[in-house]
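Colleague: Could you walk me through how to read a structure like this one? Let's bring it up first.

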Amino acid sequence: MLRILCIDDHQVVREGVRKIFEEKGVSVEIGEASTAAEALRPISQKQWDIVVLDISLGGKSGLDLLKEIRILQPRLPVLIFSMHSEEVYARRAINAGARGYITKGSSSEELYAAINKIVRGGRYISAALAEKIVFAADGDRHPHESLSPREYEVMLLIARGVSNKEIAERLGIDSRTVTTHRRRLLDKMNLQTDADLNEYARVNELLN
């Protein structure tokens, strides 16, 4: 039996993963968690073949949780399954220890293939992304790649014109923490205003 822990704040996604394998006639046990906090117990107390993890979780980023998984279960493979494009998050996720990255716009067949490949010990990213990772030189790094996962989330939300109060509510953090993240990310990126962030994100196609 294949044991999959699906960590996503949308029940339809968790049920969808189950349905994909059931339709293939594969015996599968699906563990479910909607937040990073909920996920820690099954990660610590039970053996899984793979974790399918979303990035956008209330209260804590999936990339932050990925780091905790690497500490708790270093050999447990993680596939990031996100609505964000590969261009935005994939390299960051792979560098943090994920064994693969796939977007929620992918077909069910591709998700099935990605999970099976990783469970067998492989990795899964698109050919286009693999080429960029292999041939990207250190000098090609963009300023936003120096941000922490949480700073990156805040940066994208600010660039989309979301208010500090709404960012705090979406991420489950204090508004003062949002202000701190904003100040730090502007410093790291050598930018001055929210308008600068919006222009940077637009030019680098981070808002697609």
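Colleague: What radius of gyration would a compact globule with 208 residues have, and what does the protein chain have?

Modeller: The radius of gyration is taken over C-alpha atoms, and the globule rule is 2.2 Å times the number of residues to the power 0.38. For 208 residues that rule gives a value near 17 Å, and the protein chain has 17 Å, which agrees. Do keep in mind that this is a predicted model: local features need pLDDT of at least 70, side-chain atom pairs count only at pLDDT 80 or more, and totals for chains, interfaces and linings use all residues. Residues are numbered from 1 along each chain as its sequence is written, and side-chain values use heavy atoms, with hydrogens and water left out.

Colleague: How many helices and strands are there in the protein chain?

Modeller: Helices (H or I, at least four residues) and strands (E, at least two) are DSSP runs, numbered from the N terminus. Here the protein chain has 10 helices and five strands.

Colleague: How many residues of strand β1 are buried?

Modeller: Buried means under 20% relative accessible area, with a 1.4 Å probe and protein chains only. In β1 (residues 2-7), five of the six residues are buried, so the strand is largely enclosed by the rest of the structure. Across the protein chain, buried residues make up 44% of the 208.

Colleague: Which way do β1 and strand β2 run, parallel or antiparallel?

Modeller: Two strands pair if DSSP finds at least two bridges between them. Six bridges join β1 to β2 (residues 28-33), and the two run parallel. Arg3, for instance, has Glu29 in β2 as its bridge partner.

Terms used: Buried < 20%, exposed > 50% of the residue type's maximum accessible area, 1.4 Å probe, protein only.
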